[in-house]
Amino acid sequence: MLFPTMKYLTRKWIKPEDLNPNGSLFGGSLLKWIDEEAAIYTITMLQSPYVVTKLMSEINFVSSARAGDVLEMGMKVVKLGRSSITLKCEVRNIMTHHTIIKIDQIVFVNLDSSGLPTPHGKTMANFEEDE
Ligand SMILES: CC(C)(COP(=O)(O)OP(=O)(O)OC[C@H]1O[C@@H](n2cnc3c(N)ncnc32)[C@H](O)[C@@H]1OP(=O)(O)O)[C@@H](O)C(=O)NCCC(=O)NCCS
């Protein structure tokens, strides 16, 4: 059984306020966009609004981006636990397809109304149905 393939759902147009003092994309801006995109992806996949970011693995800033570039943010489910879900992320330049950043693991945990981990009840079969 296969998890869904990498989905590039959201695009970002890099503006002057997204840059660092060297004139290239500020990594903090990119990580903020990724965390939000990954959270929305998780909420949608788990059909649960109460999720938190638990862990991000090694972050590889592969190449830089500049004002005017358009990026697309890719997410893919790589693991499903009891309360957790692990995503892989890749952001690339929409025109050149050059990779800007890669994160192998972003772990989200599904929470109950008390803020404790609770089973999300999703299986690989659910995701195949969605595909
Ligand atoms: C998320 C949180 C409730 C988890 O608490 P916890 O005590 O680690 O909970 P558990 O040990 O029961 O683990 C819950 C799940 O997270 C996974 N997990 C915990 N630590 C992990 C780690 N370091 N790496 C990967 N997965 C991890 C566990 O494997 C478990 O997954 P499973 O249910 O699918 O098997 C708690 O750490 C927390 O509130 N963190 C702050 C989150 C936050 O504020 N994020 C930023 C803003 S969104």
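Let me begin with a term: a nonpolar core is a set of buried Ala, Val, Leu, Ile, Met, Phe, Trp, Tyr and Cys residues joined through C-beta atoms within 7 Å, where buried means that 20 or more other C-beta atoms lie within 10 Å of a residue's own, exposed means 12 or fewer, and partly exposed is in between, with C-beta atoms placed from the backbone. What we have here is a predicted model, in which local features need pLDDT of at least 70 and side-chain atom pairs count only at pLDDT 80 or more, while totals for chains, interfaces and linings use all residues. Residues are numbered from 1 along each chain as its sequence is written.

The largest nonpolar core holds 23 residues, and those touching the most other members are Ala 38, Leu 87, Cys 89 and Val 91. Two or more residues come from each of H1, strand E4 (70–80), strand E5 (84–93) and E6, these being DSSP runs numbered from the N terminus (helices H or I, at least four residues; strands E, at least two). H1 gives the most to this core, namely six residues.

Turning to the ligand, its surroundings include Val 52, Lys 54, Arg 82 and Pro 117, where near means a C-beta atom, placed from the backbone, within 6 Å. Strand E2 (51–56) and strand E6 (99–110) each give two or more residues to that shell, and E2 gives the most, with four.

Finally, Lys 15 is in the loop between strand E1 (7–13) and helix H1 (27–46), and counts as exposed because it has 10 C-beta neighbours inside 10 Å. Its C-alpha lies 9.6 Å from that of Val 70, although Lys 15 and Val 70 are 55 residues apart in sequence.
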